[in-house]
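Here's a quick tour for anyone meeting this structure for the first time. Have a look at the sequence and the model, then read on.

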Amino acid sequence: MYKARIDDLPPGGKLAVRAVRNGRGIVALKAIRKGATICEISGKVVSAEVVWGYWDIDERLGENCFRYDADNYLDPNGKLGQYANHSCNPNSGIVKKGRRLLLKAITAIAPGDEVTHDYSTLLGADDVWKLRCNCGAANCRRTVRNIASLPASTLRKYRRLGIVPAFII
Ligand SMILES: [Zn+2]
């Protein structure tokens with residue numbers, strides 16, 4: 001079941017889940033500086049087979065999953081991470097530290113801004129999933145596909161920022 005309740009909002013009231021351009025998303029309530037850890041993406045680590053099964057239950061369950069390593073995904077259902085939306089011009093990125101996925105700010109984020117990351121940074125060359133994008137960014141790619149589809153300059157930028165996990169490259 002897709003759960004709409006979340007139980008891991010970080011303390012301090014810096015984030016909220018609000019209505020955004022595309023459904024609901026994570027919104028900063030306080031200024032976040034570039035380089036700061038915004039939150040942990042928590043959830044349950046599941047195999048690729050489990051994620052494939054999600055598409056038959058509710059496609060949102062599958063769409064929300066984060067690639068976790070070569071063989072597994074992190075399912076954030078019921079957690080804040082299920083509202084982490086994509087942008088082709090993101091202000092955050094995913095960094096894997098030990099066994100944890102952290103969302104880090106790659107630009108300064110102002111109160112009221114939606115916190116977004118680029119889904120392609122977590123889609124390996126073997127991920128065939130794609131998303132029709134309506135993020136509104138000037139550089140919107142219209143269709144979001146795996147890491148190999150990124151413009152070379154964008155990939156270089158993301159690698160420099162350290163937001164492409166080693167298991168994706
Ligand atoms: Zn876009």
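Two strands count as paired if DSSP finds at least two bridges between them. Helices (H or I, at least four residues) and strands (E, at least two) are DSSP runs, numbered from the N terminus. Keep in mind that this is a predicted model: local features need pLDDT of at least 70, side-chain atom pairs count only at pLDDT 80 or more, and totals for chains, interfaces and linings use all residues. Residue numbers start from 1 along each chain as its sequence is written.

**The chain as a whole**

- You'll find three helices and 12 strands in the chain.
- The C-alpha trace spans about 40 × 40 × 30 Å along its principal axes.
- For 169 residues, a compact globule would have a radius of gyration near 15 Å, and the chain agrees, at 15 Å. That radius is taken over C-alpha atoms, and the globule rule is 2.2 Å times the number of residues to the power 0.38.
- Of the contacts between residues at least 6 apart in sequence, 66% join residues at least 24 apart; a contact means C-beta atoms, placed from the backbone, within 7 Å.

- Strand E4 (residues 44-47) runs antiparallel to strand E6 (residues 72-75), with four bridges between them.
- In that pairing, Ser-47 sits opposite Asn-72 of E6.
- E6 also pairs with strand E5 (residues 66-67), again antiparallel, over two bridges.
- Here Arg-67 faces Tyr-73 in E6, and a hairpin of four residues links E5 to E6.

**The three-stranded open sheet**

- Its order is E3-E9-E8, with antiparallel pairing.
- E3 (37-41) and E8 (92-97) are the edge strands, each with a single partner, so one side of each has no neighbour in the sheet.
- E8 and strand E9 (residues 100-105) are joined by six bridges, and Gly-93 has Lys-104 in E9 as its bridge partner.

- Buried residues (20 or more other C-beta atoms within 10 Å of their own, with C-beta atoms placed from the backbone) make up 37% of the chain.
- A nonpolar core is a set of buried Ala, Val, Leu, Ile, Met, Phe, Trp, Tyr and Cys residues joined through C-beta atoms within 7 Å.
- The largest one has 35 residues, and Ile-41, Phe-66, Leu-74, Ile-94 and Leu-103 touch the most other members.
- Strand E2 (23-28), E3, helix H1 (48-57), E6 and E9 each supply at least two residues of this core.
- Leaving out residues up to four places away in sequence, Phe-66 has contacts that include Ile-41, Leu-74 and Ile-94.

Technical notes:
Buried ≥ 20, exposed ≤ 12 C-beta atoms within 10 Å, placed from the backbone. Contact = placed C-beta atoms within 7 Å.
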